[in-house]
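The sequence and structure are shown first.

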Amino acid sequence: MTKDMTEVWSKDFVPEGNRASNVDRFTGFEDTYDQHRPEAPQEVVALLTGYLERKPSVVVDLGCGTGLSSFAWKDAADQVIGVEPNDDMRGKAVAKLQTLEQEARSSGADIADIKFVSGYSNQLALKDQSTDIITCSQSFHWMDPASTLKEVSRVLRDEGIFAVYDCDWPPSLTWKVEHAYHGLIERAEAIIDDHVEPQEQAYKGNKNEHLKHIRESGLFRFSKEIVFHHMEPFTADRYTGLAVSQGGIQTVFKLKPNELNDNIAQFHALVEEHFQGRALPVMLSYRMRLGIK
């Protein structure tokens with residue numbers, strides 16, 4: 001049963017197959033997230049438009065966060081709908097949209113009709129076969145795969161595309177920095193384990209099983225994995241900021257605000273040693289798993 005797009009979910013209502021802890025994990029750090037996380041690269045738009053073989057009329061971005069993956073389509077689709085259950089993340093996306101629309105009006109630029117709505121991936125307020133492309137950028141591992149894929153299939157048009165894409169963390173730099181990055185994340189997760197009951201923790205699925213879920217659903221006529229790379233300029237502050245924007249570290253900030261201060265300072269010193277005050281190109285590696293309905 002579909003719902004009108006203007007309807008939003010109650011903040012206290014979490015549909016079956018979703019976890020409130022997964023949504024709450026992203027509360028309160030939308031500015032840090034948006035500042036340091038990479039925007040969706042244009043390779044995503046080029047790849048998916050190529051597989052669709054035409055300009056998409058409707059693109060739906062599930063778990064869109066602050067819109068980093070939604071705005072990539074502003075010049076490449078007629079309509080873009082970002083779906084995000086976390087109020088803080090979605091609020092940031094809406095604020096950015098208002099700025100973008102003001103700039104477009106001032107310059108006379110023609111951009112897609114973009115909107116951000118509250119919702120969950122397995123209960124979309126969209127009509128059957130109404131969408132050309134559905135994306136999940138850094139988000140499918142927070143969703144229930146079976147019910148999400150079933151809902152995606154309902155909403156996609158025939159030969160429509162479902163694409164999950166994730167950036168490998170950490171971005172490639174040096175083995176010492178990357179080893180320290182992993183150590184920082186592991187330290188945060190250990191603190192969470194010590195202070196939060198398992199049933200109250202956020203649950204993250206295995207990204208390596210995304211393609212398996214797509215194929216085993218039986219809902220797609222074609223599926224594959226695509227690996228590509230994208231270069232972006234980084235400073236030491238941005239590289240450290242990217243690490244700090246990870247959900248586990250942000251969760252620790254809420255539990256024990258100063259617990260990671262020394263660890264983060266040590267990590268940042270190691271990163272500074274590499275960058276030496278410079279902005280350097282850093283490779284971001286992406287893995288896209290897609291299915292054609």
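In this predicted model, helix 8 (residues 236–244) has eight of its nine residues buried, so the helix is largely enclosed by the rest of the structure. The buried residues are Ala 236, Arg 238, Tyr 239, Thr 240, Gly 241, Leu 242, Ala 243 and Val 244. Their packing partners are helix 2 (30–36), helix 6, strand 6 (222–234), helix 9 (247–255) and helix 10.

Two of these partners, helix 6 and helix 10, also pack against each other. In general, a pair of packed helices is described by the angle between the two axes and by the distance between them. The table gives these values for the two pairs that involve helix 6.

| Helix pair | Angle between axes | Distance between axes | Crossing |
|---|---|---|---|
| Helix 6 and helix 8 | about 30° | 10 Å | right-handed |
| Helix 6 and helix 10 | about 165° | 10 Å | left-handed |

Angles under 35 degrees count as roughly parallel, and with an angle of about 30° helix 6 is therefore roughly parallel to helix 8. On the helix 6 side, the residues involved are Val 177, Glu 178, Tyr 181, Leu 184 and Ile 185, and they meet Tyr 239, Leu 242 and Ala 243 of helix 8. This contact consists of seven nonpolar residues and one charged residue, with no polar ones.

For the other pair, the cut-off is an angle over 145 degrees, which counts as roughly antiparallel. At about 165°, helix 6 (residues 175–195) and helix 10 (residues 261–275) are therefore roughly antiparallel. Helix 6 contributes Lys 176, Val 177, Ala 180, Tyr 181, Leu 184 and Arg 187 to the contact, while helix 10 contributes Asn 263, Ile 264, Phe 267, Leu 270 and Val 271. By class, these residues are eight nonpolar, one polar and two charged.

Strand 5 (residues 156–167) holds Asp 166. With a relative accessible area of 3%, Asp 166 is buried. Beyond its neighbours within four places in sequence, Asp 166 contacts Gln 138, Ser 139, His 141, Lys 207, His 210, Ser 285, Tyr 286, Arg 287 and Arg 289.

Another backbone feature is the cis peptide bond between Trp 169 and Pro 170, where omega is about -5°. Pro 170 belongs to the loop between strand 5 and helix 6.

As a whole, the chain has 10 helices and seven strands. The radius of gyration is 19 Å, close to the 19 Å that the globule rule gives for 293 residues, so the chain is as compact as a globular protein of that length. Its C-alpha atoms fill a box of roughly 50 × 45 × 40 Å along the principal axes. Of the 293 residues, 50% count as buried. Among contacts between residues at least 6 apart in sequence, 83% join residues at least 24 apart.

Key. Residues are numbered from 1 along each chain as its sequence is written. This is a predicted model: local features need pLDDT of at least 70, side-chain atom pairs count only at pLDDT 80 or more; totals for chains, interfaces and linings use all residues. Side-chain values use heavy atoms; hydrogens and water are left out. Axes are lines fitted to C-alpha atoms, for helices over the stretch in contact, and angles run from 0 to 180 degrees between N-to-C directions. Helices (H or I, at least four residues) and strands (E, at least two) are DSSP runs, numbered from the N terminus. Angles under 35 degrees count as roughly parallel, over 145 as roughly antiparallel, 65 to 115 as roughly perpendicular and the rest as oblique. A crossing is left-handed if the near helix is turned anticlockwise from the far one by less than a right angle, and right-handed if clockwise. Contact means heavy atoms within 4.5 Å. Ala, Val, Leu, Ile, Met, Phe, Trp, Tyr, Cys and Pro count as nonpolar, Asp, Glu, Lys and Arg as charged, and the others, Gly among them, as polar. Buried means under 20% relative accessible area, exposed over 50%, partly exposed in between (1.4 Å probe, protein chains only). The radius of gyration is taken over C-alpha atoms; the globule rule is 2.2 Å times the number of residues to the power 0.38.
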